[in-house]
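Work through the exercises below with the model open. Each task is followed by a stepwise solution.

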Amino acid sequence: QVQLAESGGGLVQSGGSLNLSCTASGRAFSAMAWFRQAPGQDRELVAASTWSGRTTTYADSVKGRFTISRDIYKNMVDLQMNALEPEDTAVYYCAAKRNADLGSMEYDYWGQGTQVTVSS
């Protein structure tokens with residue numbers, strides 16, 4: 001059974017940092033990603049990575065502040081978030097899929113989500 005388990009969310013002040021981790025079990029994936037959804041807004045892609053970590057993509061709003069990284073041996077994906085802003089407040093979801101097309105927003109598996117709150 002495939003499971004994605006997120007950890008690392010919480011409350012942080014503006015300008016602070018958080019690291020989110022997602023551990024996948026049940027199978028290997030060709031791509032993993034982090035999405036987020038703020039209240040009243042659509043879910044959006046934050047960052048994605050191929051299985052090897054050689055190809056990544058980021059939302060324009062987080063470029064230079066967030067870094068996605070893969071641990072292929074542990075089947076994990078991390079999201080290091082620096083210089084956090086109140087606008088980053090959202091529920092963050094880990095996602096994974098069987099193909100490596102980072103241009104597609106369709107993912108096969110989803111985690112339960114972890115809350116990130118940035119206070120001003």
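**Exercise 1.** Are Arg-36 and Asp-88 buried or exposed?

Solution. The model is predicted: local features need pLDDT of at least 70, side-chain atom pairs count only at pLDDT 80 or more, and totals for chains, interfaces and linings use all residues. Residues are numbered from 1 along each chain as its sequence is written, and side-chain values use heavy atoms, with hydrogens and water left out. Apply the cut-offs: buried is under 20% relative accessible area, exposed over 50%, partly exposed in between (1.4 Å probe, protein chains only). Arg-36 and Asp-88 are both buried. For Arg-36 the relative accessible area is 6%.

**Exercise 2.** Identify the salt-bridge partners of Arg-36.

Solution. Take the criterion: a side-chain nitrogen of Lys or Arg within 4 Å of a carboxyl oxygen of Asp or Glu. Glu-44 is one partner, with closest N and O atoms 2.6 Å apart. Glu-44 is partly exposed at 31%. Asp-88 also pairs with Arg-36, at 2.9 Å. Arg-36 sits in strand β4 (residues 31–37) and Asp-88 in the loop between β8 (76–81) and β9 (90–97), so this pair ties together parts 52 residues apart in sequence. Strands here are DSSP runs (E, at least two residues), numbered from the N terminus.

**Exercise 3.** Which residues are linked in a network of salt bridges?

Solution. Arg-65 is buried at 11%; Glu-85 is partly exposed at 32%. The network links Arg-36, Glu-44, Arg-65, Glu-85 and Asp-88. The whole structure holds six salt bridges.

Definitions and conventions
Helix = DSSP H or I, 4+ residues; strand = E, 2+ residues; numbered from the N terminus.
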